[in-house]
Amino acid sequence: MIISFLMNISYCGKPSCWLMACRKWRNRSLGFSSWMCFILDLFCLANLVLSNEVSSESPTIQHQDRNSSLVAGLNVTDVHEHMMRLNKAAVKSIQSPDGDTIDCVLLHHQLAFDHPKLRDHKLQVEAPSSWPDGVLQESESSKASEEVLQLWHQVGRCPAGTIPVRRTKAEDVLRAASVEQFGIKKSPPVTPKLTGDPQSLSSYGHEHAIGYISGYQFHGAQASINVWRPRIEVSKEFSLSQMWLLSGSFVGDLNSIEAGWQVSPELYGDSNPRFFTYWTRDGYQSTGCYNLLCSGFIQVGNGIAIGASIAPVSSYSGAQYDIKILIWKDPRTGNWWMRYGQDSLVGYWPAALFTHLRGYATMIEWGGEVVNTHPRNQHTATEMGSGRFPQQGFSQASYFRNIGLVDGSNQLHSPANLRTLAERPSCYDIKSSYNSNWGVYFYYGGPGQNPGCR
């Protein structure tokens, strides 16, 4: 038994595998006591810090930044217990080319059902009976060159009756300031109030280039979002492109549902663009999280892993790739469903998670966001979108296209009065337009630091 355990470790070759192997063998009840696993935890985490193990290298992250992100003021037992909560038993595991492990977890065993409001929840396995009418259809000329999948699809798929879950590793948790802050946003959302124009949030170091609509009752939104791999200057910064569905006030009761792609070395340990989600019902204070890093979102599809790398990505003057996301409220149950691409029903946010969003959203936003930590007392060179300004157009600048909203009659249509905001257009900008192929669309983004942005 012990020889087999050690072989498991040596095969992996990474210190972080001590934690996962210990958990695996303990679950098999082969005699590993808690104190023995605790000793292995100590050994694992000590080696992670000393070896500076990360899941993959990024040429844009300074070496000293990775070291500092692994300096642990974290309690070893807390880290281990948190991983035990997040990583549910898998019926199959897939090793992705980017270093991720995708666990295929039984649908009824997923983390969502640990939420106190969902313990008696009746799982809505079937697709909603009522899809939005007028789902925006794309002409052949408006489509991206190739289908956009996820990197782990190259080596396998999860079987029916399971959901794909990106496994959390020890080094993922160690990069966070604390176990409690792992997978949690550290700032308010884009708009301090939901009436009138969005306002600047530069005091928190977050900068945006967004299109938005407000003043109505919204029951959903969609967009096709161009996917790039923007450069991240400092590992504590990120760049994302997403949709926000918002309701409530900014006095602590904001409800938000979010989805898109992001590059976040702190959260994922690399510079790959990844499909992500987020939710909160109290203005990011104590509820919600990224992806499946807390209980809440219920996944039903076995095709898309939330938090996994997107592949392929766009290139300058080359092929362009985008992901299509539709989020809408089921008129019958009140749950907020999400579809990825043309036919991948991912899952839903139960109505019970929310207060204001039990009714409807009062603002929808689409666009980009970066964190600017002012490295070297200058504006960051972290890029938004493709890293180029919107004026450069197709195959150079990043875009959102086929932008749509769902109204109270469950009709999906283009917004008639999309407004735009760029807090610092010399750093990141946005330009909107309309045509018959793309409907309402905009180009957005920029390089960050440049002669006009210091």
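## Cysteine 289 and cysteine 294

With about the S-S bond a torsion of -85 degrees, the link of cysteine 289 and cysteine 294 is left-handed. Their sulfur atoms sit 2.1 Å apart and form a disulfide (a pair of cysteine sulfur atoms within 2.5 Å). Cysteine 289 is buried, at a relative accessible area of 1%. Buried means under 20% relative accessible area, exposed over 50%, and partly exposed in between, with a 1.4 Å probe and protein chains only.

## Basis of the model

This is a predicted model, in which local features need pLDDT of at least 70, side-chain atom pairs count only at pLDDT 80 or more, and totals for chains, interfaces and linings use all residues. Residues are numbered from 1 along each chain as its sequence is written, and side-chain values use heavy atoms, leaving out hydrogens and water.

## Cysteine 104 and cysteine 158

The whole structure holds 3 disulfides. One of them joins cysteine 104 to cysteine 158, with S to S 2.1 Å. Cysteine 104 lies in strand 2 (residues 101–106), and cysteine 158 in the loop between strand 3 (149–150) and strand 4 (162–166), so the pair ties together parts 54 residues apart in sequence. Strands (E, at least two residues) are DSSP runs, numbered from the N terminus.

The torsion about this S-S bond is about -80 degrees, so the disulfide is left-handed. Cysteine 104 and cysteine 158 are both buried.

## Cysteine 427 and cysteine 453

How is cysteine 427 placed relative to cysteine 453, buried or exposed? Both are buried. A disulfide joins cysteine 427 to cysteine 453, with S to S 1.9 Å. The torsion about their S-S bond is about 100 degrees, so this disulfide is right-handed.

Terms used: Helix = DSSP H or I, 4+ residues; strand = E, 2+ residues; numbered from the N terminus.
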